[in-house]
Amino acid sequence: MSWLDTLRETVGPRWPWLLVLVGALTLAVTIGLVGPQFFNPRTKPLPGQATIQAGGQDISPGVAAGASTAGTPAAAIAQAQGTPAPTLPPAPTPTPTATLTPPEQLTEGLRLHRLGDYVAARDRLATLLASEGVERPIRLQARFQLVKSYLGDGHYSEALAALAQLEGELNSAAVEASGRAAEQELAAKAHFLRAVALAGLGRYGETIAAYRAFLDAYPALAAAIQPRIAQSYLALGDSTGAAAAYRAAADAAAEPAQKVTLLETLAQTYSNLGRYADAVAAYDEILDVARNAGYRAQIHYLAGETLALAGDEAGAIARWRAATEEAPDSNAAHQSLSRLVERQVEFDLYRRGMINLSPGMWLPAINAFTAYLADAPPEDERAADALLGLGQAYMGAGNYSAAIDVFDRLLENYPDCDCFGQAWLDKAASQA
């Protein structure tokens, strides 16, 4: 009989549980004997090794006092195996940030200003100005740029305070001849910045004085600066002073586009003052320069409006007629025609129809073309174009059947007209 049969007879049906219990006890004893070598290698030295307690710290052969490898898996395994622990590479040393030189700091401040980051620009410039040993030209430029950065954010009071510091430094010491010109230029430009800051604070009288001081140094910029002076005068309610400034600006302008813009503003300023003759004279100066037909028509219309205000009806009618002839398809021509119709001025019906057609005034165009065609002889060279315009006016008004009838009349009676092809296209569009 085997030991297993003997166990069955002795224990009975519970013998499997006894086997489980024996196996568990065997596993526990094995772990107790072997486990510490893996889970805590320093609690029991390997054969041939000794552990020395020094001040509560284990020091194994080959490990320096004070060195600790606890918590490092690689060190634990190496110690268990009796091999040296691997060493990690040292952490890289951070590269120190290079300190910008004063010229570089100034350049960075200028760059930030160009990007519109005025706060960062001011921080950079303030750091530069707080540094020791900054050369005078660099420091002055930094202060000048600091003022501009304040103005960029609309901090006008702060800009004036920074200007006071700049001017104080400019006057603080004698300068060698080599640097005197640059500082004089900086001082002159500071007048412009002062004017901008004063205007922002509503101190317009002082603004005008500052702009004039700037113009003393840069008279060639009159076309750009005099309008600013004019706006300051207008803010003070002084239209006469504004007119004088706009006159000076227009006289200084070299570019035609700039000149006519200034003259137009001058004419309006004169008109507001009741100086109608001067206003019309300014409009005539524009006509001496302007070449665009639509713009010339607009100036004729404005001159007519000014003459009407002055009570010169004949002069006004002549200007309005000129506008309709200059550019019949322009808005100014239609406005001028309206003024003539209001005054019941006789006007060519064909041209009246064409002027109303352009802005989409369909009913007035239909009436004008119909009246014209009723009296025009068949051989009239404008009759075919009048029919085309009449048909297009009916199309615009949504009366497509009437438009088709007019186009058929044109196609039948005027096959040689230059408008023949357009009439076919418009008829087809009306039938779609």
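**Helices in conversation**

Me: Is the crossing left-handed or right-handed where α13 passes α14?
Reply: α13 passes α14 in a left-handed crossing, where the near helix is turned anticlockwise from the far one by less than a right angle (clockwise would be right-handed). Helices here are DSSP runs of H or I with at least four residues, numbered from the N terminus. This is a predicted model: local features need pLDDT of at least 70, side-chain atom pairs count only at pLDDT 80 or more, and totals for chains, interfaces and linings use all residues. Residues are numbered from 1 along each chain as its sequence is written, and side-chain values use heavy atoms, leaving out hydrogens and water.

Me: At what angle do α13 and α14 pack?
Reply: About 165°, with the axes of α13 and α14 8 Å apart. Axes are lines fitted to C-alpha atoms over the stretch in contact, and angles run from 0 to 180 degrees between N-to-C directions. That makes α13 roughly antiparallel to α14 (over 145 degrees; under 35 is roughly parallel).

Me: Which residues make that contact?
Reply: On α13, Pro 256, Val 260, Leu 263, Glu 264, Ala 267, Gln 268, Tyr 270 and Ser 271 take part. The α14 side includes Tyr 276, Ala 282, Tyr 283 and Val 289. Contact means heavy atoms within 4.5 Å.

Me: OK, what about α13 and α15, how do their axes cross?
Reply: Their axes come within 11 Å and cross at roughly 15°. That makes α13 roughly parallel to α15. The crossing of α13 and α15 is left-handed.

Me: And which residues in α13 meet α15?
Reply: Val 260, Glu 264 and Ser 271 do, and on the α15 side they meet Tyr 295, Ile 299, Leu 302, Thr 306 and Leu 309.

Me: Let's stay on α15. How far apart are its end C-alpha atoms?
Reply: They are 25 Å apart. Helix α15 has 17 residues (293-309) and should span 24 Å at 1.5 Å a residue, which agrees. The expected span is 1.5 Å times one less than the number of residues.

Me: What caps the N-terminal end of α15?
Reply: Asn 292 does: one of its side-chain oxygens lies 3.0 Å from the backbone nitrogen of Gly 294. After α15 comes Gly 311, which has a positive phi, near 85°.

Me: Which residues of α15 are buried?
Reply: Among them are Arg 296, Ile 299, His 300, Tyr 301, Leu 302 and Leu 307. Buried means under 20% relative accessible area. The cover over these buried residues includes α13, α14, α16 (313-326) and α17 (331-342).

Me: New topic: is Gln 145 buried or exposed?
Reply: Buried, as its relative accessible area is 5%. Gln 145 sits in helix α7 (residues 136-152).

Me: What does Gln 145 touch?
Reply: Setting aside neighbours within four places in sequence, Gln 145 is in contact with Leu 110, His 113 and Leu 125. The side chains of Gln 145 and His 113 are joined by a polar contact of 3.5 Å.

Me: And where is Gln 105?
Reply: In helix α5, residues 102-114. Gln 105 is buried too, at 7% relative accessible area. Beyond neighbours within four places in sequence, Gln 105 is in contact with Leu 100, Arg 124, Thr 127, Leu 128 and Ser 131.

Me: Last one: what is Ala 245 in contact with?
Reply: Gln 226, Ile 229 and Ala 230, leaving aside neighbours within four places in sequence. Ala 245 belongs to helix α12 (residues 239-252) and counts as buried at 3% relative accessibility. Ser 232 is 13 residues away along the chain, and its C-alpha atom is 10.0 Å from that of Ala 245.

How values were computed: Helix = DSSP H or I, 4+ residues; strand = E, 2+ residues; numbered from the N terminus. Buried < 20%, exposed > 50% of the residue type's maximum accessible area, 1.4 Å probe, protein only. Polar contact = N/O pair within 3.5 Å; in protein donor to acceptor, adjacent residues only side chain to side chain. Parallel < 35°, antiparallel > 145°, perpendicular 65-115°, else oblique.
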